[in-house]
Amino acid sequence: MKIAVGCDHGGLNLKNEIIKHLNSKNIEIKDFGTYTSESCDYPDIAKVVGEKVIEKEFDFGILVCGTGIGVSIAANKIPGIRAALCHDTFSAHATREHNNANILTLGERVVGTGLALDIVDTFLNSTFQGERHQRRIDKIADIEKKYNK
C-alpha cells in the first residue's frame, strides 16, 4: 500500500504524527508538504495529493489542515477524488465501504492525535463493498462529467 500525505501549516503536527505512525507499520508514504509552520495555501497541497491518487501513483491520500474542511473541498474538485472528512472511526469505516473514498481528510484542531491515528487505521483497513454502492459512485461520476467540461 502506498499513501500520499499532505497538509497546510494548520495540519503540520498531526501530519507528522500520521507519518510516524504509518512508517512504524512499514506502509510506504510520500510527504507532499508542507514541511514548516509558515503559512501556505491548502488547495495547492490538496491538488498535488489528489492528482497523485487519480494518476494511481498512490492507493490513497491523507490530507490534514486545521479543520479538514478546506483540504476536503479542494481535493473533491478533482474528478474521481472522493475525499472524506472523518472525525470518528465509524465514518472512516463507512466512507471506505460505501463511498469508496480514496482520500481521508482530518482536522488537527478538531481531533486529537490518538483518535486521528485510529481513524487512519480504520480508513486504510476498510474495504469498498461494491454492489449497490457502486451504482451510487457511478452517479457521482455522472455529476462530475456533467459539470466538469
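## A buried phenylalanine and its partner

Phe58 is buried, because its relative accessible area of 8% falls under the 20% limit. This value, like the others in this report, was computed from a predicted model.

The structure holds two aromatic pairs, and in one of them Phe58 is joined with Phe32 in an edge-to-face arrangement, with 5.7 Å from centre to centre and 85 degrees between the planes. The pair links distant parts of the chain, since Phe32 belongs to the loop between strand E2 (28-31) and helix H2 (42-54), while Phe58 belongs to the loop between H2 and strand E3 (60-65), 26 residues apart. Phe32 also counts as buried, at 13% relative accessibility. Over the face of Phe58 lies Lys2, at 5.2 Å from the ring centre.

## The pair of Phe60 and Phe123

Phe60 and Phe123 form an aromatic pair that is edge-to-face, with their centres 5.6 Å apart and 75 degrees between the planes. Phe60 lies in strand E3 and Phe123 in helix H5 (residues 113-125), so this pair ties together parts that are 63 residues apart in sequence.

Both Phe60 and Phe123 are buried. The ring of Phe123 has the charged end of Arg96 sitting over it, 5.9 Å from the ring centre.

## Salt bridges

The structure holds five salt bridges, and one of them joins Glu17 with Lys20, whose closest N and O atoms are 3.1 Å apart. Glu17 is partly exposed, with a relative accessible area of 30%, whereas Lys20 is exposed, with a value of 52%.

Another salt bridge is formed by Asp121 and Lys25, with 3.9 Å between the closest N and O atoms. Asp121 lies in helix H5 and Lys25 in the loop between H1 and E2, so the pair ties together parts that are 96 residues apart in sequence. Asp121 counts as buried at 18% relative accessibility, while Lys25 is partly exposed, with a relative accessible area of 43%. The side chains of Lys52 and Glu57 also meet in a salt bridge (3.5 Å, N to O); Lys52 counts as partly exposed at 21% relative accessibility, and Glu57 counts as partly exposed at 35%.

Asp44 has its place in helix H2, and at 52% relative accessibility it counts as exposed. Asp44 and Val71 are 27 residues apart in sequence, and their C-alpha atoms are 9.2 Å apart in space.

Note on methods: Residues numbered from 1 in each chain as written. Predicted model: local features only at pLDDT ≥ 70, side-chain atom pairs only at ≥ 80, totals over all residues. Heavy atoms only, no water. Phe/Tyr/Trp six-rings, centres within 6.5 Å; stacked < 30°, edge-to-face > 60°. Helix = DSSP H or I, 4+ residues; strand = E, 2+ residues; numbered from the N terminus. Buried < 20%, exposed > 50% of the residue type's maximum accessible area, 1.4 Å probe, protein only. Lys NZ or Arg CZ within 6 Å of the ring centre and 35° of its normal. Salt bridge = Lys/Arg side-chain N within 4 Å of Asp/Glu carboxyl O.
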